[in-house]
Amino acid sequence: MSKELVNAIADMREEDALRIVREMVESDSDPMTILDAAREAMAVVGQRYEEGTYFLPELMLAGEMLGQITEIVKPALAKAPEVTRYGKVVIGTVQGDIHDIGKNIVTFMLDVNGFAVLDLGVDVPPQKFVEAIRDFQPQVVGLSGFLTLAFDTMKETVDAIKEAGLRDGVKIMIGGGQVNEEIKAYTGADAYGRDAMAGVSLAKQWVGAK
Amino acid sequence: MGKQLSPDEKLEALWQGKLSPKDPQGNALQFQSPEAEKAYKERIIRFKDAIEMKKLPDRVPVTVFPSMFPWTSAGMTVEEAMYDYGKCAEVFQNFVLEFEPDVHWGAYAPGPGKFFEILDYKLYSWPGHGVAPEHCYQCNEGEYMKPEEYDALIQDPSGYFINVYLPRVFGALGGFQMLPFFPGILEMYGVALNFIPFGLPPVQNTFQALFKAGAEALQWIGAIGGADGALATFGFPNILGGFTKAPFDVIGDTLRGTKGIMLDIYRRPDKLLKAMEVLTPLMIKMGIGSAQATGNPLIFIPLHKGADGFLSDEQFKKFFWPTLKEVILGLIEGGCVPLPALEGFWNTRLEIVQDIPQGKTLWMVDQSDMVQVKKTLGRNACLLGNVPSSMLSLGTPQEVRDYVKNLIETVGKDGGLIVCNGAFFDHAKPENVKAMVDSTKEYGVYK
């Protein structure tokens, strides 16, 4: 049944997926089996997104399905499931900018690709990034920004990380709106990604994941 | 009444009106000098020729279509530009006189801060209200329309906006929830019942706020519109007639939010399609109405959620393009020049959107591959763009000059190009913006 569940989620059949999950719960299936199937399906969704057959509607619906399935399974779970992660990423939209769609997509894609992601939200001051790097110890930092004002606050954030003595311990990627190679050079980031897939492959490359 | 004007005649009437401008009293506009008058007319004709693609203009037209740059570059904060209407207009006027673009787009971008305060606008955060004084206002996207409200929107879009949507995005318009159903006002018997809400305090408070907001909007337009009039006397026309939107973006940006509309594609595709169909004539009406009111033919259509990466080609063809195309054709029919803006990247959509009548539209191009755009959409439409924000912000004047020269050589040599920034920008080096304008005038002359 779990194969059926994987297919239902991956093929965007929401009602089927939820029905199968309820049936599995009722027949006392191990909740971990259900969650593993959901995670396997998310990986398929992520892959299809990378291949260019899936787009935002599918990513968002997959996220919704995962949320609903987790809610259904939760009461039967003894403890929070352990997930092996490739590495850790701190991500946020830089100070002054409150746009979050692009950042959320990158976060979702990093998550389904096996990263632990700490999302600091929008309008994040440089100091908050610094604190998060100290506490969460990520290998990768992602700075997002949509407006031209973000060019400067991205630079300020990179500088603040440098001043805190944390720059050598992290790789920094930037993205969003008008960001390109030129902005990368200006901000002192290590790389820029044009889309969520680029962000994922940068992060994978930096933590040495395949 | 005489015979109905054809679409071309309606548009020509707008252009001709533009070419014989009037002052606020309705008399012929007094220009600062005969040179200013000559330049004013040449600039309009230059734009018109470029858009129509029938004959080459005298040179490639150039314009600057910024967001907050005119004010930030003058050392003003966005907050000041939003609250000091007189200074906002004056600084904009100086910006146009200094940079000398062929046409300008008015000082409308900052908008009246006090007005937004009076109505307690929630759809945006602006300086002093969730955004720092020096930063531009930004949209608070959300699910302002619930999924179960599609039927209400479809049945009566105006009623839905009045009773449900507007009270959600304007804190001061709560009284609108109580307004009566106007098509029910029919006969003497019982008619007074419909008017009871106007006697109730919440509705009366809302109307008090509206009176204040209206007065504020009037004060603002007096200053901002004044800049348009003054600039015309110096020879710089504003040809922007207003804006409208793609029905998919009306729902995705304003009503359901990105997540909402993306989920609707799977969960309630028929309702989404029906709602867009209902909104289409309204979006056409909105554009034509503002072109007629301002006498300016260009109707701006910012395009958001059809860009590369948002939807599959199939979804784009089914959900985004059909109603946008209908809006474009409807505006043309109404004598307007649609100005869709391909914000971000649209490389995968070019083959689809090129299916429009030739010489009737102007497309702002941001980061799409201009050579590719020229080969597809550019065969049928004039292109406006696309000097990158990053270059204007961080590059050198020489880099901008090289970019413009290349753009003119590769995209503009047979016409159909207007040089402009590709995306709205708040910050740039003034010398780079100047280089964009000046180098177009230098390299863009058609021989």
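This is a predicted model: local features need pLDDT of at least 70, side-chain atom pairs count only at pLDDT 80 or more; totals for chains, interfaces and linings use all residues.

**Where chain A meets chain B**

- On the chain A side, 22 residues are in contact with 26 residues of chain B.
- Three helices of chain A each give two or more residues to this side: H4 (56–73), H7 (149–163) and H8 (181–187).
- H4(A) provides the largest share, with five residues.
- Sorted by class, the side of chain A that touches chain B has 13 nonpolar residues, along with five polar and four charged ones.

**The largest nonpolar core**

- The largest nonpolar core counts 197 residues, and A:Ile9 and B:Ile418 have the most contacts inside it.
- Residues from both domain 1 (2–76) and domain 2 (87–207) of chain A belong to this core, so the core lies between these domains.
- Which residues does A:Ile9 contact, leaving aside its neighbours within four places in sequence? They are A:Ala17, A:Ala38, A:Ala41, A:Ala62 and A:Met65.

**A sheet in chain B**

- Look in chain B for an open sheet of three strands, in the order E2-E1-E3, with mixed pairing.
- At its edges are E2 (130–131) and E3 (138–139) of chain B, each of which pairs on one side only.
- Strand E1 of chain B spans residues 124–127 and pairs with E2(B) in the parallel sense, over two bridges.

Terms used:
Residues are numbered from 1 along each chain as its sequence is written. Chains are lettered from A and ligands numbered from 1 in the order in which they are written. Two strands pair if DSSP finds at least two bridges between them. Helices (H or I, at least four residues) and strands (E, at least two) are DSSP runs, numbered from the N terminus. Two residues are in contact if their C-beta atoms, placed from the backbone, lie within 7 Å. Ala, Val, Leu, Ile, Met, Phe, Trp, Tyr, Cys and Pro count as nonpolar, Asp, Glu, Lys and Arg as charged, and the others, Gly among them, as polar. A nonpolar core is a set of buried Ala, Val, Leu, Ile, Met, Phe, Trp, Tyr and Cys residues joined through C-beta atoms within 7 Å. A residue is buried if 20 or more other C-beta atoms lie within 10 Å of its own, exposed if 12 or fewer, and partly exposed in between; C-beta atoms are placed from the backbone. Domain bounds come from an automatic or database domain assignment.
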